[in-house]
Amino acid sequence: MIAFIAAFFLYLYIGHWQHYLFKYSLSSSETRAFINLIEKPEYMKDLLLTRIARYPDDAMAWRLLANCYLKLGDEARAAFAARKALQL
């Protein structure tokens, strides 16, 4: 019983863990926009190519571009983008 009471007061002292866990979650409109990007690899590919043109050392953009090319069935470009991501 003492452990329960201590845990309860610790919870009240720290606050709601969900607030901290989900503090940086996407809003519903942002989530929908992100899902649209995932479902449209051609559109996402264009965005990533624009990003890479501006920031050619962005390894995450190259990795995501490799994924887009795989979804589009372009294995040669996917391999190139994946190698570039690994080099960075």
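**Ground rules.** I'm working on a predicted model, where local features need pLDDT of at least 70, side-chain atom pairs count only at pLDDT 80 or more, and totals for chains, interfaces and linings use all residues. Numbering starts from 1 along each chain as its sequence is written, and side-chain values use heavy atoms, with hydrogens and water left out.

**Entry 1: α4.** I took helices as DSSP runs (H or I, at least four residues; strands are E, at least two), numbered from the N terminus. Helix α4 covers residues 41-54. I checked its length against the expected span, which is 1.5 Å times one less than the number of residues. For the 14 residues of α4 that gives 20 Å, and the end C-alpha atoms are 20 Å apart, which agrees.

Which residues of α4 are buried? I list P41, M44, K45, L48 and I52. Seen down the axis of α4, they fall within an arc of 105°, so they line one face of the helix. The arc is taken from the directions from the helix axis to the C-beta atoms. Buried here is under 20% relative accessible area, exposed is over 50%, and partly exposed is in between (1.4 Å probe, protein chains only). On the other side of α4 I find T50, A53 and R54 exposed.

**Entry 2: K45.** A lysine on the buried list made me look again. K45 has a relative accessible area of 13%. Leaving aside neighbours within four places in sequence, K45 is in contact (heavy atoms within 4.5 Å) with L65, C68, Y69 and L72.

**Entry 3: α6.** Same length check: the 13 residues of α6 (residues 75-87) should span 18 Å, and the end C-alpha atoms are 18 Å apart. Its buried residues are A78, A81 and A85. They cover an arc of only 70° around the axis, which puts them on the same side of α6. A76, L86 and Q87 are exposed on the face turned away from that side.

**Entry 4: α5 against α6.** What do the buried residues of α6 pack against? They pack against α5 (59-72). The two helices pack at about 160°, with axes 8 Å apart. They are therefore roughly antiparallel, a label for angles over 145 degrees. Residues meeting across the pair include W62 and Y69 in α5, and F80 and K84 in α6.

Terms used:
Axes fitted to C-alpha atoms, helices over the stretch in contact; angles between N-to-C directions. Parallel < 35°, antiparallel > 145°, perpendicular 65-115°, else oblique.
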